[in-house]
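Open the model in your viewer, keep the selection tool at hand, and follow along stop by stop.

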Amino acid sequence: MMINNNLRICLNTQRIRVHRPAYIFVHVRNLQIDPHTSPIPPPFIYPKIKRGSQHNEHAERTRSAVLELVEKEKLRLDSSILSSSLETQKKLSDVLNSFDAPIRYAFAYGSGVFKQRGYDGAKEPMIDFVFGVRHPQHWHSLNMRQNRSHYSGVAVLGSQWVGKIQEFGAGIYYNPYVHVNGMKIKYGIISIDTLTDDLQNWSKLYVSGRMQKPILVLRDDIRIRTAQHTNLSHAVRAALCLLPSEFTEEELFHKIAGDFRMKFGENPHKVYNIVYTQMDAFRKLYTPIIEQLPNISYIRDGTLHQDEDPKMKLAMIQSLPSGLLAKIKVNYRWHLTNSQKYESGLGEEPKFSLSLASSFDLSKVTSKALEDTVKWTAISQSLKGIITAGPLRSLTYIAEKLSKRKTEPKS
C-alpha cells in the first residue's frame, strides 16, 4: 500500500499461491480521493474470492488482511479530515475553485461549517477559510488582479508590502466580509512554511490553535497533515498538564479548545458551545492520539486516567514544543523563588525537572506559559486586522463579536 501527495491509495494486484497448481487473483480497485471535490474516501470495493475452491479459507485470511490494511488507512484519514454534509462540501469547494491563484492547502471552520450551540440559524454566519500557499507575495499579486475588492486600501502599496504585513503577528492575512458565489466569507492567507512551523513548534499558537478544533479540510497536503498530527499530540499533552489524574472527555476537550483569545471580545461561553455540540467530532479527532500515548487511557465510558508517576509525566512534558517547555520552566523557577520553596540543589537537573513533573503547581505554570505564547500573537493580529480589513470592516467585526458576547447564553 502506498500513499502519495494526492491521497491516492493504490493496492496492486497480488498473486496468492495455493496448494493446487492454480492461482487466486485478488483485485482491489484504486481508492482515489480528489482533494478538490471531496476529502472523504469513496466506499471500499471488496475483493472477490474465487468460488468453489477448497482453499477459500486461505484466500479469506488474505482478503481479511488486505481489508484490515485499507480500513486502517481509511480510519487514519478520517481522524484528520472531518466530514460535513455533501452539499456544504460542494459549496465550499466551489468557493475554493473560484480563486485563480494557486492554493496548496485549505480548510473551512467555524459556525458556518460545524453547528455550534447558541446559533439558531436565523442569520447566515460568515464562512471562515484558511488558505495555505507557497509564495504569499506572488499569491496576493495574482489575487489582487482578480479580486481587488477583497482588499482594503493597503493594497495600493502592492503585493510586496501586503506580503510583509502578512508576516507580522500570526503570519496570516485575513480578508473578511467578502462575497463569493453568493456566500459571505472571510479567508486568511498563510505560508505553508509558517503553518508547518506553527503546527510542529507552536511558534505562534494561532492557526495551530484553531486547527486543534474540528475543521473541514478542502484541499489536503501531506506535509501539513503530518504536522497536524504533531499539533494534536502537543494539544493533548499540554491539556494533561492542566488536568487532574482522572477527568472526563468533555474536560479534556474544553482545555484543548480554550485559549487566551476567549478572554477578549468573544462570547464567554464559546468554548462550551463548541465542545457541547461537537463532541463526536472531537472524539474522532483525538481518540487516535489518546490511544497512541502511553500515559493516558480510558477507565470507563467518557472517563480517562493519566499516569501520575513523575518520570512518566516528565517524559510527557519534555515532548512538548521546546519554546513552550522553556516558558514552563522559567515560570516554575520564578514560582519557587517567590514562594521560598527554592531548596539548595533544586535548580540542577534532573532534580529540577522531576520537581516540576510532580508539582501541584504544574497546571498553573503551564497555563501561564500557554497564555504568554499566544497573547502577543493574538493582540498583534487584532491590531493588524484594522489595517488589513479596513476601519469599516473592522468595526463591523468587533460589533458582531460584542453582540454575540451579550446575547449568546451558555444554556
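Two residues are in contact when heavy atoms of theirs lie within 4.5 Å. Keep that in mind for the first stop, and remember that this is a predicted model.

**The whole chain**

Show everything as a cartoon. The chain has 411 residues, and 50% of them count as buried. Of the contacts with a separation of 6 or more, 69% are between residues 24 or more positions apart.

**Helix H13 and its cover**

Select residues 351-358, which form helix H13. Its buried residues are Phe 352, Ser 353, Ser 355, Leu 356 and Ala 357. What covers them?

**Along H14**

Now move to helix H14, residues 362-389. Show the side chains of Lys 368 and Asp 372, which meet in a salt bridge of 2.9 Å, N to O. The two are four residues apart in this helix, so about one helical turn separates them. Lys 368 is partly exposed at 40% relative accessibility, and Asp 372 is partly exposed too, at 24%.

Further along, pick Leu 383, also in H14. Together with Ile 379, Ile 386 and Ile 387, Leu 383 makes a nonpolar surface patch of about 360 Å².

**The largest nonpolar core**

Next, select Leu 252, Tyr 286 and Ile 317. They have the most contacts inside the largest nonpolar core, a set of 44 residues. Helices that each supply at least two residues of this core include H7, H8 (249-257), H9 (270-277) and H10 (279-292). The largest share, eight residues, comes from H7.

Zoom in on Tyr 286. Leaving out residues up to four places away in sequence, Tyr 286 touches Gln 212, Leu 232, Ala 235, Val 236, Phe 253 and Ile 256. Apart from this core lies another, of 30 residues, with Val 113, Met 144, Val 154 and Ile 165 among them.

**Phe 129 in strand E7**

Select residues 127-133, strand E7, and pick out Phe 129. Is Phe 129 buried or exposed? Phe 129 is buried, with a relative accessible area of 0%. Beyond four places in sequence, its contacts include Leu 92, Phe 107, Tyr 174, Tyr 187 and Leu 218. Try the distance tool on Leu 96 as well: its C-alpha is 9.0 Å from that of Phe 129, though the two are 33 residues apart in sequence.

For one of them, show Arg 300 and Glu 246, whose side chains meet at 2.8 Å, N to O. Arg 300 lies in strand E12 (residues 296-300) and Glu 246 in strand E11 (residues 246-248), so the pair ties together parts that are 54 residues apart in sequence. Arg 300 is partly exposed at 48%, as is Glu 246 at 39%.

Then show Arg 283 and Glu 249, which meet in a salt bridge of 2.7 Å, N to O. This pair links helix H10 with helix H8, across 34 residues. Here Arg 283 is partly exposed at 31%, whereas Glu 249 is buried at 6%.

**Last stop: Asp 220**

Finish in the loop between strand E10 (216-219) and helix H7 (222-242), where Asp 220 lies. Asp 220 is buried, with a relative accessible area of 12%. Its side chain makes a polar contact of 3.1 Å with the side chain of Arg 225.

Note on methods
Residues numbered from 1 in each chain as written. Predicted model: local features only at pLDDT ≥ 70, side-chain atom pairs only at ≥ 80, totals over all residues. Heavy atoms only, no water. Patch = residues over 30% accessible without salt bridge, like charges linked within 9 Å, V, L, I, M, F, W, Y side chains within 5 Å. Areas by Shrake-Rupley, 256 points an atom, 1.4 Å probe, with all protein chains shown as cover. Salt bridge = Lys/Arg side-chain N within 4 Å of Asp/Glu carboxyl O. Buried < 20%, exposed > 50% of the residue type's maximum accessible area, 1.4 Å probe, protein only. Polar contact = N/O pair within 3.5 Å; in protein donor to acceptor, adjacent residues only side chain to side chain. Core = buried A, V, L, I, M, F, W, Y, C linked by side-chain atoms within 4.5 Å.
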